[in-house]
Amino acid sequence: MSVWKYEKARIIFLRTFGIVGLFGIISLILIGRLFYLQIMQRERYLFLAEKNRTAVRLTMPERGKIYDKNGIVLADNKKVFQAVLIKEQTPDFQKTLNNFKKLIPLDEEEESRIIKEFKRKRAFMPVQLKDNLTKEQVVMLHLNAPSLEGIQIEETLIRHYPQKELTAHIVGYVSLLNEKDSEIESNLADLAGYRIGRSGIEQSFEESLRGEPGFRKTEINAMGRTVSLMQEEKSVPGIDLHLTIDSRLQKTALDAMGDEAGAVVVIEVKTGAIRVFLSTPSFDPNLFLAPISQKKWDSLMNNQKKPLQNKVLTGTYSPGSIFKLIVGLAGLENNLINPLGRVYCNGATRLGNQLFHCWKKEGHESLTLQEAIRHSCDVYFYETGQKIGVENIVEMAKKFGFGLTTLTDLIGEKTGLVPSAEWKLATKNEAWRTGDTLNLSIGQGFLLTTPLQLVRAIGAIANHGYLPDLHVVEAPNSDEEKEPLVNEENLNLIRAGMYDVVNHEKGTAYSSRFNFEGKRMAGKTATTQVRRISLKEREEGLKKQKDMVWESRDHALFAAYAPTGKPKYAIIVIVEHGGGGSSAAAPIASKILKEALRLDQEDAKMKKGGN
């Protein structure tokens, strides 16, 4: 073989060997890749294949229902249809949303929520577009399914408040989650249309009411539509709650308040069960189930009577003359006043160059403690308050629960303020003055109380000095042994004055008295100023309350218990800018307590008939 032929054969061999080797390497790579994909990654790709034909969706748990004491439903759930959008099944979100809006209009607030939720949620989690769909809307969406990629119609549960305004402040309301609700568990946040409690019982008992979501695993087609149900785990419903509220009596209170702004609370003095929990004006909590319109929100927020404020829980007021009962007890308990001793009222008490006026310009003349309560004489308590001293008054106020929260089953309750010399020095850098004691003695000045504190104190006076434990959720009676706050004889003196307020012809609430089959009420009126009255106004003559603008009128208060022989109920009525406790608040309390006694009689007859 020539050299040339040998060299040519060698080159062919090398090229052939290179090509074969390259093909061998490529084959090894392909075999290795196939091994990796088919053997090593088998489970993963089986899962992905399964995912392409199945969808797993969380199912809404049934929120616990809320009932009143008689089993009347205050918060319920109803089944509705909702439209949801699945992020991973939506190639063009904005186009799909625009197509949806052509069929079902969305306002700016709704569209803004959807966009925020779409950005926040994970790809495979549904975003609620609209719930509570009508049958016509459901049909329309189904007919237009090809242009609504990623949109599905699902059945879900939505909260419903059948009593509407009647129990709005005690029950509260729920609304859709927002980006600030970071404390919500991820599985609940993933639910399309989940709503969280925002106030009242709904907020305070959120964890008990919410339940646990279940799930549904379904087979879907190429369009993302459900073909069949493959697996399902039922959701766990929330816990039902039974409140102490009596809706019948609540309705009586709402009707009696009419268009007035204020608060009404009725309790059972022995158990502390709250039978009426009313803040007026009220609102329909169903408004908040969908994003509330800006127009409606503005109308609620700009209403000077503040319908969204829970005045029972967060309203703070000067107690006015109701606080004279506490001042009287402070004097009696410390043996600093003689209940039969007399104080002369000529219409004002002078302190240096300043006059502290009685509500009755011409004065009440000579009065005992019982008569001073009957007539609500300011001068009597100006004079005796100085003898008692701020320390003793503050101590008695705190004994009766002022300056403290009263409930354990509702969040957000305010504590009010019981001022003292130490408090004034610490907060205002000023010394306590005798004038401060005079103002405190008639329940004015810095003193602030809540409706719950006032009704609880009246309950203690009615119930032999035992301070009741207030509650709105039904609970077993406490076996805790308590000590009476004050001496029974001293309470009898205070109760005698309260009886006269209503049942003596010269009592300040005599026109609101009632005699329901021998059962009467005892109480105390109060009228508290919301602004300082100048010397010039006094000299020129004070305007009548009805001639003043609403926000400048005095607050009207009335606290009472009934029946007087064996007290069962205590009540506080506060009418904001109502003008006078005897004319505005006492008649309302009278109607409510009389109805409470009538309902007791009716229930007793039904129970007897049922047996």
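A cavity, in the sense used here, is a set of grid points where a 1.4 Å probe fits but cannot get out, and its lining residues are those with an atom within 4 Å of such a point. In this predicted model, the second largest cavity is lined in that sense by I322, L325, I326, F402, L454, A457, I458 and I461.

**Second largest cavity**

- The second largest cavity holds about 40 Å³ of space, and the elements that give two or more residues to its lining are α13 (324-333) and α19 (451-462).
- Helix α19 supplies the largest share of the lining of the second largest cavity, namely four residues.
- By class, the lining of the second largest cavity consists of eight nonpolar residues, with no polar and no charged residues.

**Largest cavity**

- The largest cavity contains about 130 Å³ of space, and the residues that line it are M60, P61, R63, N77, L157, I158, R159, V174, G193, Y194, R195 and R210.
- Strand β5, which covers residues 151-160, gives the most to the lining of the largest cavity, with three residues.
- The lining of the largest cavity divides by class into six nonpolar, two polar and four charged residues.
- R63, R159 and R210 are among the residues lining the largest cavity, and these three are also linked with E202 and E206 in a network of salt bridges.
- S208 has its place in helix α9, residues 206-210, and although S208 and R63 are 145 residues apart in sequence, they are 8.9 Å apart in space, C-alpha to C-alpha.
- S208 counts as partly exposed because its relative accessible area is 31%, a value between the limits of under 20% for buried and over 50% for exposed.

**Salt bridges**

- Side chains of opposite charge can pair when their charged atoms come close.
- The count of salt bridges in the model comes to 24, and the pairs D246–R248, K424–E430 and E595–R598 are described individually in the points that follow.
- D246 and R248 meet through their side chains in a salt bridge, at 3.0 Å from N to O; D246 is buried, with a relative accessible area of 6%, whereas R248, at 25% relative accessibility, counts as partly exposed.
- K424 and E430 likewise meet through their side chains in a salt bridge, at 3.7 Å from N to O; here K424 is buried, because its relative accessible area is 3%, while E430 is partly exposed at 40%.
- E595 forms a salt bridge with R598, and the closest N and O atoms of this pair are 2.8 Å apart.
- Both E595 and R598 lie in helix α22 (residues 581-610), where they are three residues apart, about one turn of the helix, and R598 counts as partly exposed at 32% relative accessibility.

**Nonpolar surface patch**

- L22, I26 and L30 form a nonpolar patch on the surface, and together these residues have about 280 Å² of accessible area.
- L30, a member of this patch, lies in helix α1, which covers residues 3-40.
- L30 counts as exposed because its relative accessible area is 51%, and the cut-off for that class is over 50%.

Definitions and conventions
Residues are numbered from 1 along each chain as its sequence is written. This is a predicted model: local features need pLDDT of at least 70, side-chain atom pairs count only at pLDDT 80 or more; totals for chains, interfaces and linings use all residues. Side-chain values use heavy atoms; hydrogens and water are left out. On a 1 Å grid over the protein atoms alone, a cavity is a set of points where a 1.4 Å probe fits but cannot get out, and a pocket is an open set with protein on both sides within 12 Å along at least five of seven lines; lining residues have an atom within 4 Å of a point. Grid points are joined across faces, edges and corners, and a volume is the space filled by probe spheres set on the points. Ala, Val, Leu, Ile, Met, Phe, Trp, Tyr, Cys and Pro count as nonpolar, Asp, Glu, Lys and Arg as charged, and the others, Gly among them, as polar. Patches are made of residues with over 30% relative accessible area and no salt bridge: like charges are joined within 9 Å, nonpolar side chains (Val, Leu, Ile, Met, Phe, Trp, Tyr) within 5 Å. Accessible areas come from the Shrake-Rupley method with a 1.4 Å probe; for residues, only the protein chains shown count as cover. A salt bridge is a side-chain nitrogen of Lys or Arg within 4 Å of a carboxyl oxygen of Asp or Glu. Buried means under 20% relative accessible area, exposed over 50%, partly exposed in between (1.4 Å probe, protein chains only).
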